[in-house]
Amino acid sequence: MGIELGHFAFSLAFALATVSALAGLLLWRRAALTPYLQQASIIQFLLVGAAFASLIQAFIVSDFSLKLAKEHSFSAQPLLFKITAVWGNHEGSMVLWVLILVIMGAAVAAFGRNLPRDLLSLVLAIQSLIAAAFLGFTLFTSNPFLRLDPAPFEGADLNPILQDIGLAIHPPLLYAGYVGFSVCFSFAAAALISGRLDAAWARWVRPWTLLSWTFLTLGIAMGSYWAYYELGWGGWWFWDPVENASFMPWLAGTALLHSALVMEKRSALKIWTVFLAIITFSLSLLGTFMVRSGILTSVHAFATDPTRGVVILILLSLFIGGAFALFAARVGTLRAGGLFAPISREGALILNNLLLASSAAAVLVGTLYPLILDALTGETISVGAPFFNLTFGAIMAPLLVVLPLGPFLSWKRADFLGAAQRLAWAAGLALFFAILAFALTGASVSLAPLGLLLGFWVALGALAELADRAHLFRTTIMTSLRRLIGLPKSAWSSALAHFGLGVSVIGIVAATAWQAEEITTLAPGSSVTIDGYTVDFGGVTQQQGPNYAADVASFTITAPDGGKRIANPERRAYTASGMPTTEAAIETYGFSQLYLQLGEPQTDGKSVVRIWYKPFVTLIWIGTLFMAAAGFLSLSNRRLRVGAPRPARTRVATE
Amino acid sequence: MLTWLLALLVTAIALAALYFAGVTRGVNAPDAADEAPERVHLRRQLDEIDLDATMGRLGPAEATAAKAELAREAIRLKDAPSRTRPEALRPTLVGLGLALVAILGFGVYGALGRPHLPSSPLATRPDKSVQNMNLDDAVSQIEARLKQAPDDLRGWTVIAPVYMQLGRFADAEHAIRRQIDLDGITADRETDLGEAIMMKQGGDMANEPMSLFESAANRDPAHWRSRYYIATNATQKGDYAAAVPLWEALIALAKGDESWLINAKAALEFAKSGGKPQMGNDQIATMVEGLSERLFSGGGTIDEWTRLVRSRLVLGQTDEAQKAYLAARAAYPDASVRTELDVLAADSGLVAQ
């Protein structure tokens, strides 16, 4: 009964979203409609929430009369995985997707009371249109509420790789990011329809861009860390098409974040910002299409059903095509923004946008090219990490070079040399650290010290901005400190985000360039040494988990400083599916990690063991945490932002 | 029916909430946002500039320039016409929208849902599904559970006779040993273990099975199964002098309606006569045919069926025994009442399908 009521609630939400979209698009000029649409958005959220809760309930009590539970759950599964199993599959994850979509819609309805009514009506109507499309898609092609009669006795278990705390965190964060950009998309389309496109619009979109970007950052970082510890390959980024599918909206979203900033502060880049808002959500939809259509095979490809692919493709073309048609029709009526000189904060942000957009394009080409080539000629090629590392790196390097300069430039027109001078000490210090690292690692010639130089440059440049704004060394320490505390949150958040990016770059470079790897067979009692760490193999024992049997190895790690730790990597065989997984043991020393993976047992009693030493690898994710913290900090800043222009020199002279 | 009622209730609440949201907020005075929110935004920006200027974050020249920009924006805004139309929505329009929501919602659910199918959480349906399950499924279920919980005595107890029936005697032996490990030794378990090992050895009672049967008989003076095997063993070896008191002791344990009694009596006569059957084979065959005819036409107790199967086996009529066994299973689908028959069938290599 609970399931059927959930099914009904989901159907009613579909009906409500459809009618809201129709009414909103037809009658958006009527101010009296707005409260209906607001209430409808909140009711959609309550209905989908109830439907989602009914699925969770069915999974918890192992109600295998629900087909979804039969296929993806198991009565002996721990409670957490019974709950996460709800979205560890195509149908259920669509419900989560839609749930986050309607949460966003309800949030716009609840917090958007100070918006002009026509704009709010349009935003909610378009949000409802998207919700109706995906509610309909879920109901008619991927219905999670299908039943089985008679109910089977036992379920088939969740994919063991997904039986991890990561499934509780990664998809909701990632979807919040993906779906959050739908609000920006709705705002963009609403602006195009209503003609309301100005600094105020940018101010209203800001929190949604920030929120989505922050969640997407966390979602990608979490997904990367999960892949790192669960897949057992020791890698944290594979340029897998599905990873790219989440990375492209992030790149476009980062560009949007910056261009919306220009728009809010300076009324400039309006058309470009609208364009980016459409692009970002389009890339999110494209990602959804690639993952769900089955044209990709990966961990994420839950179900390969071509019909679904076609339906998503149609939805994709309708939304993207519709938005761009609207864009093309209305772009002429939009007023271009303020003017500015090439060397200015605006100019720097345009450069940032160009580079981010080209890197997104490069990733898009690398991801889609093999698919298109396969479709057209039947030839299968794979575009691998070398392509991405080269093209993406080549675009990112100049971005990182100019990044610290941006915040030092003033609005409208700027003094490049002055900005460069104020950054001189950051550049010197970065160079010093890079050379130090170069010398300490044996002075071998490679790109690594250059990469480190960029990382330090970005991180120190961000600190330099704070120091400069606090007038450090130009006044007393106490005054500087007071100034520092008094800095607006926007200054803190941008410095924090840029610092985080620098930290991530340092981690990426160090972990890639100086990682050590050892693959060997070990007999119990023997040991191996890697980068100063001695690893003693104690042997393998059998253990029983709740729904799996495991071979658990015992290693004693002796660090260079003499400290000892026990590490227990596992190989598990899951009862219901018979699928094996490996659980790596990861020991963190400072920012570095020792990564142990237990391989196949050999006939002579030895075991294959893979060990990696990854210096400073955790900095990659710590950097993203800084970025996300910056996002939340900026989100908490309710103040309006004004970018005061630097007055023209001539006019200053005459005044 | 209940599902439909609740669905109706949910719809009514949702539509009422929607209706009143529009009516009440529509009647109330317009909120501040109704009046040129862009202008409000500009005014707040102006305040920000003033604040920054007084805090010293902004030089006077920059502040003036920023204000000048805002002023230009404000002039432009003044000329922009109002876009929204203030009049209320017609009630028929609102009613139409609400009706459309209800119709669409019920239509979609009606087409896709199964309102009459009740939920069936695992905890509320332990027995029903077991009956619908075939034997292989059941075995793999129980095996999966035992892998999770190797200390589940009930699981081992349930699965041991099933293994015997499936001819998986080594597995049965393991299952019985687990029962003994977990719950201690009893005469029944010793005998079960002896049977499993005997079948594993191809029906040979020598060595371990025999000592297990003897230990069981010593453990429980009233234990007939172990004694039956011991007596049978003596008879088969031709040690009739030893066999006669064994059979007599066994028969003394019987209450009179046991299915094995007739065989025990026949075996006693056989041993007493020093190996010559008392009754002629044709005589026995006639008796058995009579029993068979009665059971197949009119049915009988499970004990009678068991006796028939046992007699057929004694006579070496394996095919007939198999037929009788299947008929007995059909007459008594509940496995719990025919344990003895199933064990007998398993011991003799009869199959369940």
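## Asp468 of chain A

Asp468(A) touches Phe408(A), Arg422(A) and Arg474(A), leaving out residues up to four places away in sequence. Contact here means heavy atoms within 4.5 Å. Asp468(A) sits in helix α16 (residues 448–469) of chain A. Helices (H or I, at least four residues) and strands (E, at least two) are DSSP runs, numbered from the N terminus. At 14% relative accessibility, Asp468(A) is buried. Buried means under 20% relative accessible area, exposed over 50%, and partly exposed in between, with a 1.4 Å probe and protein chains only.

## Model and confidence

This is a predicted model, in which local features need pLDDT of at least 70, side-chain atom pairs count only at pLDDT 80 or more, and totals for chains, interfaces and linings use all residues. Residues are numbered from 1 along each chain as its sequence is written, chains are lettered from A and ligands numbered from 1 in the order in which they are written, and side-chain values use heavy atoms, with hydrogens and water left out.

The predictor's confidence in each residue is pLDDT, from 0 to 100. Chain A has a mean pLDDT of 85, with 94% of its residues at 70 or more. Within chain A, confidence is highest in helix α19 (residues 618–635), at a mean of 94. It is lowest in helix α20 (residues 649–654), at a mean of 43. Over residues 650–655 of chain A the pLDDT is below 50. Beyond near neighbours in sequence, that stretch has one contact in the model. Where pLDDT is low, the predicted coordinates should not be read in detail.

## Helix α8 of chain A against helix α2 of chain B

Two packed helices are described by the angle between their axes and the distance between the axes. Helix α8 (residues 199–230) of chain A packs on helix α2 (residues 37–55) of chain B at an angle of about 85°, and the axes are 9 Å apart. The angle makes α8(A) roughly perpendicular to α2(B). From α8(A), the contact uses Ala199(A), Ala200(A), Arg203(A) and Trp204(A). From α2(B), it uses Pro37(B), Glu38(B) and His41(B). By class, the contact has four nonpolar, one polar and two charged residues.

Axes are lines fitted to C-alpha atoms, for helices over the stretch in contact, and angles run from 0 to 180 degrees between N-to-C directions. Angles under 35 degrees count as roughly parallel, over 145 as roughly antiparallel, 65 to 115 as roughly perpendicular and the rest as oblique. Ala, Val, Leu, Ile, Met, Phe, Trp, Tyr, Cys and Pro count as nonpolar, Asp, Glu, Lys and Arg as charged, and the others, Gly among them, as polar.

## Ala202 of chain A

Helix α8 of chain A also holds Ala202(A). Ala202(A) is buried, at 1% relative accessible area. Leaving aside neighbours within four places in sequence, Ala202(A) is in contact with Ala260(A), Met263(A) and Glu264(A). Thr273(A) lies 71 residues from Ala202(A) along the chain, yet their C-alpha atoms are separated by 8.8 Å.

## Chain B overall

Chain B has 17 helices and zero strands. Of its 353 residues, 39% are buried. Among contacts in chain B with a separation of 6 or more, 54% join residues 24 or more positions apart.

Lys265(B) is found in helix α13 of chain B. At 44% relative accessibility, Lys265(B) is partly exposed. Lys265(B) and Ile251(B) are 14 residues apart in sequence and 7.3 Å apart in space, C-alpha to C-alpha.

## Salt bridges

The structure holds 29 salt bridges over all chains. A salt bridge is a side-chain nitrogen of Lys or Arg within 4 Å of a carboxyl oxygen of Asp or Glu. Asp171(B) pairs with Arg168(B), the closest N and O atoms being 2.9 Å apart. Asp171(B) is partly exposed at 31% relative accessibility. Arg168(B) is also partly exposed, at 31%.

Glu173(B) and Lys200(B) meet in a salt bridge at 2.6 Å, N to O. Glu173(B) lies in helix α8 (residues 169–183) of chain B and Lys200(B) in helix α9 (residues 187–200) of chain B, so the pair ties together parts 27 residues apart in sequence. Glu173(B) is buried at 10% relative accessibility, while Lys200(B) is partly exposed at 46%. Lys272(B) and Glu248(B) form a salt bridge at 4.0 Å, N to O. Lys272(B) lies in helix α13 (residues 261–272) of chain B and Glu248(B) in helix α12 (residues 240–253) of chain B, so this pair links parts 24 residues apart in sequence. Glu248(B) is partly exposed at 38% relative accessibility. Salt bridges with shared partners join Glu173(B), Arg177(B), Lys200(B) and Glu208(B) into one network.
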